[in-house]
Amino acid sequence: IEGASLRAIAREAGYTPGALYAYYASKEELYADILRRSLARLEAAVRAGAKGPPAQALAGAVRGFWRFYRDNPEELSLSLYVSRGLGPKGLTPKLDRELNEKLQGALDAIRQQLGLLAPRLPGASLERHTRALLSAVMGVLLLAHTGRLKTLGGGGDALVEHHIALTLAALKP
């Protein structure tokens, strides 16, 4: 969104600037609203997958996260602020915090299933497993999104399934 103005965005979208200013005070607010809606769709996809016994629900939640971004690469770009690197560009600290909390909603579904699968797991370990799964899936998504996965001769679905299997094996009593 750097270099854009709300007027230019309105013109490109076929609206008058006043039509957008009636809803958004700035381009950052517009961007945040689009991202907020994307994260709500992500959370719905993750929660929709989290069905059945804990191991099945965990796998379904992780698959929901993977498939949402695999099937909607523009949503991945949007959520990673890819226009100029991977840092949160163009958002106020308040909006960035709010959107990170929305992302936590999707991760909560995964964390909940991990907790059900391994109820005696200490909280810190539960967080580590959640972050490890997220990191693995995001790594696969980045490789797929940039075309590197094909170059390396791998398939994203198989890699995600491998990470799910590793997590399930690590949590077996």
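**Core packing and salt bridges**

Arg111 is buried (under 20% relative accessible area, with exposed over 50% and partly exposed in between; 1.4 Å probe, protein chains only), at a relative accessible area of 13%. The model is predicted, so local features need pLDDT of at least 70 and side-chain atom pairs count only at pLDDT 80 or more, while totals for chains, interfaces and linings use all residues. Residues are numbered from 1 along each chain as its sequence is written, and side-chain values use heavy atoms, leaving out hydrogens and water.

Arg111 forms a salt bridge with Glu127. A salt bridge places a side-chain nitrogen of Lys or Arg within 4 Å of a carboxyl oxygen of Asp or Glu. The closest N and O atoms of this pair are 2.7 Å apart. Glu127 is partly exposed, at 26% relative accessibility.

The whole structure holds ten salt bridges. In one of them, Glu75 meets Arg41 at 2.8 Å, N to O. Glu75 is buried at 10% relative accessibility, whereas Arg41 is partly exposed at 40%. Asp33, Arg36, Arg37 and Glu98 are linked in a network of salt bridges.

The largest nonpolar core contains 37 residues. Such a core is a set of buried Ala, Val, Leu, Ile, Met, Phe, Trp, Tyr and Cys residues joined through side-chain atoms within 4.5 Å. Among the members that touch the most others are Leu42, Val46 and Phe65. Phe65 is in contact (heavy atoms within 4.5 Å) with residues including Leu103, Leu134 and Leu141, not counting those up to four places away in sequence. A second, separate core of five residues includes Leu6, Ala10, Leu20 and Tyr24.
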